[in-house]
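Hi everyone, thanks for making time.

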Amino acid sequence: MTLVSPTLDAGLARRIIEETDPFSTRQHLAYPSDHDGAQVHLDAYFSTEALVQIPEFASWLVEDVVLWMTAKDLRPQLIFAPGTDAVRVFVERLSKAVGAKPVYLETKPSGRFGNTIEGSVPTDASVLTFNLTSLTGGRCIGFRLPEAATHAGGNVIGTAAIALGTSPINEELRSRFSDNLYIAFHVAVTNHNPDACPANAPRLRPWQEANAEIIARLRK
Ligand SMILES: [Zn+2]
């Protein structure tokens with residue numbers, strides 16, 4: 001795991017990671033956990049859901065995203081994000097801090113995006129797309145979310161995630177958002193297609209199990 005954001009204090013970042021212990025390695029996880037479309041397998045899980053359980057840590061991370069937006073002079077009218085509980089916690093704070101309105105894309109319990117949008121996207125409204133975690137690399141924050149926001153009528157001016165996984169798509173993400181991409185942590189989570197499971201892979205489990213274990217550990 002690497003701290004990517006130049007403005008996030010290394011000491012604070014270390015505290016966040018040490019105290020939440022959000023990383024589970026040697027996993028074999030189905031993501032999304034249903035079979036309604038393309039699925040990938042993750043070899044680890046990084047739970048940003050755990051990070052936002054601690055209000056102080058969520059605040060530090062929100063402040064860092066705000067610093068980045070200020071430095072880049074990004075003033076979105078909307079923050080467009082998946083509508084999961086953990087993401088909402090973060091996006092409500094971020095929206096308030098920058099005077100933007102949150103808009104949520106339907107997200108199923110499996111982790112898969114739906115089509116319903118909660119909130120309105122006025123034509124050409126400036127949009128920052130956001131997710132806590134983009135574990136399959138740039139697919140989510142680089143493509144799926146911006147495409148959904150654009151399709152709804154918005155004008156995407158930047159994209160952001162607290163944690164970004166490892167994927168060949170990351171290069172495409174960085175070139176597509178060369179000067180308007182925010183990442184706090186780069187995490188060593190790789191993925192493979194279901195037909196390419198390593199011979200020694202552990203039993204395949206839904207990603208939610210690893211996430212729930214990390215959060216349970218936090219509550220002890
Ligand atoms: Zn596999």
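This is a predicted model: local features need pLDDT of at least 70, side-chain atom pairs count only at pLDDT 80 or more; totals for chains, interfaces and linings use all residues.

Look at who sits beside it. Strand 10 pairs with strand 11 in the parallel sense, over five bridges, and there leucine 164 stands opposite histidine 186 of strand 11. Strand 1, residues 2–3, also pairs with strand 11, this time in the antiparallel sense and over two bridges. In that pairing, leucine 3 has phenylalanine 185 of strand 11 as its bridge partner.

The average pLDDT for the protein chain is 95, and 100% of the residues score at least 70. Confidence is lowest in helix 6, residues 169–176, where the mean is 91, and it is highest in strand 6, residues 78–82, at 98.

Now the overall build. The chain has seven helices and 13 strands. For 220 residues, a compact globule would have a radius of gyration near 17 Å, and this chain has 16 Å, so the two agree. Along the principal axes, the C-alpha atoms fill a box of roughly 50 × 40 × 30 Å. As for burial, 44% of the 220 residues count as buried. And if you take contacts between residues at least 6 apart in sequence, 70% of them join residues at least 24 apart.

On to the inside. In soluble globular proteins, nonpolar side chains tend to be buried together. Here the largest nonpolar core has 64 residues, and Leu42, Tyr45, Ile79 and Phe80 touch the most other members. Strand 10, residues 155–164, gives the most to this core, namely seven residues.

Take tyrosine 45 from that list. What does tyrosine 45 contact, once we leave aside its neighbours within four places in sequence? Its partners are Ser24, Gln27, Leu29, Val189, Trp207, Ala210, Asn211 and Ile214.

Leucine 42 brings us to a sheet. Its bridge partner in strand 12 is asparagine 191, and strand 4 and strand 12 pair in the antiparallel sense over two bridges. The open sheet here has four strands in the order 12-4-3-13, with mixed pairing. Strand 12 (191–192) and strand 13 (205–206) stand at the edges with a single partner strand each, so one side of each has no neighbour in the sheet.

Next, helix 5, residues 139–151. Where does helix 5 bend? The bend is at leucine 145, by about 25°, and proline 146 follows within four residues. Buried residues in this helix are Arg139, Cys140, Ile141, Gly142, Leu145, Pro146, Ala148 and Ala149. They pack against strand 6, strand 7 (101–107), strand 8 (113–118), strand 9 (126–134), strand 10 and helix 6. Just after helix 5, glycine 153 takes a positive phi of about 115°.

Why does proline 146 count as buried? Because it has 21 C-beta neighbours inside 10 Å, and the cut-off for buried is 20 or more. Not counting residues up to four places away in sequence, proline 146 touches Thr129, Val156 and Thr159. Phenylalanine 80, one of the core residues we met, is 66 residues away from proline 146 in sequence, yet their C-alpha atoms are 8.4 Å apart.

Most residues other than glycine have a negative phi, and most peptide bonds are trans. Tyrosine 31 and proline 32 are joined by a cis peptide bond, with omega about -15°. Proline 32 is in the loop between strand 3 (29–31) and strand 4 (40–42).

Then there are two aspartates with positive phi. Aspartate 21 has phi near 45°, in the loop between helix 1 (10–20) and strand 2 (23–24). Aspartate 73 has phi near 55°, in the loop between helix 3 (55–71) and strand 6. Are they buried or exposed? Aspartate 21 is exposed, with 12 other C-beta atoms within 10 Å, and aspartate 73 is exposed too, with 7.

That's my tour; happy to take questions.

Key. Residues are numbered from 1 along each chain as its sequence is written. pLDDT is the predictor's confidence in each residue, from 0 to 100. A nonpolar core is a set of buried Ala, Val, Leu, Ile, Met, Phe, Trp, Tyr and Cys residues joined through C-beta atoms within 7 Å. Two residues are in contact if their C-beta atoms, placed from the backbone, lie within 7 Å. The bend at a residue is the angle between axes fitted to the seven residues ending there and the seven starting there. The radius of gyration is taken over C-alpha atoms; the globule rule is 2.2 Å times the number of residues to the power 0.38. Two strands pair if DSSP finds at least two bridges between them.
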